[in-house]
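Me: I have a model open and some labels to check. Can you take me through what stands behind them?

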Amino acid sequence: MSTLRPLIISLFSFVMAPFVYADGVPEDWQMWYQEAASPVMERVTEMHIMLMWIITPILIFVTVMLAIAIYRFREKKNPTPSKRTHNVPLEVLWTLVPVVIVGAIAFPSVKLIYFMDKTEKADMTLKVIGHQWYWEYEYPDHKISFDSFMLNRDQLKEGQIRNLDVDKQVVLPVDTNVRILGTSVDVLHSWAVPSFGIKQDTIPGRLRETWVRINKPGIYYGQCSELCGTGHGYMSIAVRAVPKEDFEAWVKGEGGTLPGRQPEAVPASVTPVSEQALTQEDPAQQSPEKTVEKIDAETAVSSAPSTVDATLEN
C-alpha cells in the first residue's frame with residue numbers, strides 16, 4: 001500500500017491538474033480541492049482519492065447491470081417473467097462484498113478522524129472566537145489579541161480579493177504544530193480553511209479543539225461555514241503563513257512576548273535601586289510644610305537626651 005499510494009495520487013493529480021488551484025484561493029469553475037497546505041489536508045485528499053477508486057467501479061457496475069436489466073427483461077422481450085425469489089450463493093455474495101467495502105473505508109476513515117482531532121505536542125495555541133459577524137483571535141502564548149473584519153469593496157487594494165480579504169490577517173509560523181481552540185459568544189459559527197482541511201464549529205459555552213501544521217508560506221483563505229445570521233457570508237478568514245523568524249518579528253511588532261525567552265539581564269555596573277529608594281522624595285522637591293515638620297521632629301529628638309538628664313539630676 002505504501003508504494004501504491006504515491007502512484008494513485010500521482011495518477012489522479014495528473015488527471016485533475018487542469019482543475020487544481022493553489023495558494024489557498026478558490027477559483028471559478030473549480031472542480032477539485034485547493035492545494036493541500038497541511039498534513040491533515042494531504043490525508044483528506046488521499047482518503048478522497050481512495051474513495052474515488054472504490055465508488056467509480058461500483059457506479060459503473062451498477063449502471064451496466066441496470067441497463068442490462070432494463071434491456072433484457074423488458075415486457076416485449078420477456079413476456080413471461082421468472083418467479084425465482086431466492087439464490088443463496090448470490091445473496092451471500094452481495095452481503096459479503098458490501099461488508100468488505102465498508103470495512104475498507106471504515107478503518108482508514110477512523111484513523112484519519114483521530115489524526116485530525118488534536119496534536120499531542122503543540123508548539124503554540126491560537127484561540128478563535130466567533131461573533132456576529134466577525135472573528136476574534138487570541139494568542140495566549142504571546143499575549144496578543146485582535147478582531148478581524150472583512151474588507152468592504154471600497155476598502156480593497158490592488159490584488160486583494162473581494163469577500164475574502166480582511167483588515168487583520170491571522171499570522172502563523174510554518175512547520176509549527178498550532179493548537180486551535182474555537183468558541184463563540186453568540187450563535188454557532190464554523191471556522192473553515194479548505195487548504196488546511198479544517199472545518200471546526202465554534203459553539204457558545206464550549207471549547208472545540210483542532211490543529212494545523214502549515215507546510216509552506218502563503219496566504220490561505222476561508223469563510224464561516226455555519227449559517228449564523230444575515231452577515232454569515234461576510235465572516236471571512238485570511239491566514240498568512242510565514243517563516244518562524246518573520247513570525248517572531250511580527251509578535252514583537254504587535255507588542256507581544258515570545259514564550260521561553262529569558263528577560264534581558266541588568267548590567268553589573270548598574271546598581272539596583274530598591275523599592276524604598278524609589279518611594280523616597282527628593283529633599284529639594286519636598287513642600288515647605290513637610291520641611292518644617294521634619295525640622296521640628298529633628299529638634300524634638302535632639303533635645304530629648306537633655307530633658308532626660310535634667311530629670312535624673314532632680
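**Labels and cut-offs**

Reply: Start with Trp133, which sits in the loop between β1 (124–131) and β2 (134–139). Strands (E, at least two residues) and helices (H or I, at least four) are DSSP runs, numbered from the N terminus. This is a predicted model: local features need pLDDT of at least 70, side-chain atom pairs count only at pLDDT 80 or more, and totals for chains, interfaces and linings use all residues. Residues are numbered from 1 along each chain as its sequence is written, and side-chain values use heavy atoms, with hydrogens and water left out.

Me: What makes the peptide bond from Gln132 to Trp133 cis?

Reply: Its omega is near 0 degrees.

Me: Why is Lys77 called partly exposed?

Reply: Buried means under 20% relative accessible area, exposed over 50%, partly exposed in between (1.4 Å probe, protein chains only). Lys77 has 48%, so it is partly exposed. Its place is in the loop between α2 (39–72) and α3 (88–117).

Me: Why is Asn163 called partly exposed?

Reply: Its relative accessible area is 24%, so the label is partly exposed. Asn163 lies in the loop between β3 (144–148) and β4 (170–173). Its phi is near 70 degrees, a positive value in a residue other than glycine.

Me: Why does Asp175 get the label partly exposed?

Reply: Asp175 has a relative accessible area of 37%, so it is partly exposed. It is found in the loop between β4 and β5 (178–184). Phi of Asp175 is near 55 degrees, again positive in a residue other than glycine.
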